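The following note was prepared for a colleague who wishes to review the model shown here. It is arranged as numbered points.

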Amino acid sequence: MTSVSPDDVLAQWRADEAAVRARQHLQPGVASPAQLAGKTGLQQMQALLAGEAPRAPISETMDFLLVAVDDGLSVFQGQPQFKHYNPLGGVHGGWFATLLDSALGCAVHTTLPVGRGYTTLEFKVNLVRGLNDRVPLVRATGRVVHRGRQVTTAEADLIGHDGKLYAHASTTCLLFDLPA
């Protein structure tokens, strides 16, 4: 079995981000109903990733980016920076939480059929290691654990390019029919 070095992982993550950014020609914003109409949740997320719909404004504020989606899966990548610090000198827990919440919610979103929506009922974060701006990139990977008719649950991990775990989280989401 061949092991991949942290430097190789970091280079791949940077290449993945560059490829996503090259496709994104729209300014951050909110997708119009026409951009989302008739699409499943996975198709909507794929449209965001392809640059056919705008990325969320929060991604600019918090310096993170959607880099991959699949059925029941989403991956966000972020760069911890000094502007994300708390008064104690580390990255604020809210930055961890925002990145993880995005990965969790979008993983759930990828499972939605046309005409269905969701909202978060519960969200829990465990911070297991501090972050600072010397960590070049982290990834939050969200995975659906259970798909129900009314409730879906998901889990996510926040890891560095060297495989270190910084945080993990879980969510419970309520599913519902969207208004016609």
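1. Conventions. This is a predicted model, in which local features need pLDDT of at least 70 and side-chain atom pairs count only at pLDDT 80 or more, while totals for chains, interfaces and linings use all residues. Residues are numbered from 1 along each chain as its sequence is written, and side-chain values use heavy atoms, with hydrogens and water left out.

2. Volume of the largest pocket. The largest pocket holds about 920 Å³ of space. A pocket is here an open set of points on a 1 Å grid over the protein atoms alone, where a 1.4 Å probe fits, with protein on both sides within 12 Å along at least five of seven lines. Grid points are joined across faces, edges and corners, and the volume is the space filled by probe spheres set on the points.

3. Lining of the largest pocket. The lining, meaning residues with an atom within 4 Å of a point, comprises 41 residues. Gln44, Met45, Leu48, Cys106 and His109 lie nearest the centre of the pocket. By class, the lining divides into 23 nonpolar, 14 polar and four charged residues. In this scheme Ala, Val, Leu, Ile, Met, Phe, Trp, Tyr, Cys and Pro count as nonpolar, Asp, Glu, Lys and Arg as charged, and the others, Gly among them, as polar.

4. Elements around the largest pocket. Helices (H or I, at least four residues) and strands (E, at least two) are DSSP runs, numbered from the N terminus. At least two lining residues are supplied by each of helix 2 (33–36), helix 3 (41–50), helix 4 (57–62), strand 1 (64–70), helix 5 (93–109) and strand 3 (116–127). Helix 5 contributes the largest share, six residues.

5. Nonpolar surface patch. Leu121, Val151 and Leu174 make a nonpolar surface patch of about 220 Å². Such a patch joins nonpolar side chains (Val, Leu, Ile, Met, Phe, Trp, Tyr) within 5 Å, from residues with over 30% relative accessible area and no salt bridge. The areas come from the Shrake-Rupley method with a 1.4 Å probe, and for residues only the protein chains shown count as cover. Val151 belongs to strand 5 (residues 151–160).

6. The structure holds seven salt bridges, each a side-chain nitrogen of Lys or Arg within 4 Å of a carboxyl oxygen of Asp or Glu. In one of them, the side chains of Asp16 and Arg139 meet at 2.8 Å, N to O. Asp16 lies in helix 1 and Arg139 in strand 4 (residues 138–147), so the pair ties together parts that are 123 residues apart in sequence. Asp16 is partly exposed at 24% relative accessible area, whereas Arg139 is buried at 12%. Buried means under 20% relative accessible area, exposed over 50%, and partly exposed in between (1.4 Å probe, protein chains only).

7. Glu17 and its partners. Glu17 forms a salt bridge with Arg21 (3.0 Å, N to O). Both residues lie in helix 1, four residues apart, about one turn of the helix. Glu17 is buried at 17% relative accessibility, while Arg21 is partly exposed at 37%. The C-alpha atoms of Glu17 and Gln77 are separated by 7.8 Å, although the two are 60 residues apart along the chain.

8. A salt bridge of Arg55. The side chains of Arg55 and Glu60 also meet in a salt bridge (2.9 Å, N to O). Arg55 is buried, at 17% relative accessibility, and Glu60 is partly exposed, at 38%.

9. Backbone at Asp63. Most residues other than glycine have a negative phi. Phi of Asp63 is near 60°, a positive value in a residue other than glycine. Asp63 occupies the loop between helix 4 and strand 1 and is buried at 19% relative accessibility.

10. Two further loop residues. Gly72, in the loop between strand 1 and strand 2 (73–78), is buried with a relative accessible area of 8%. Gly72 and Thr111 are 39 residues apart in sequence, with 5.6 Å between their C-alpha atoms. Pro80, in the loop between strand 2 and helix 5, is buried at 1% relative accessibility. The C-alpha atoms of Pro80 and Leu178 are 35 Å apart, with the two residues separated by 98 residues along the chain.

Notes: Patch = residues over 30% accessible without salt bridge, like charges linked within 9 Å, V, L, I, M, F, W, Y side chains within 5 Å.
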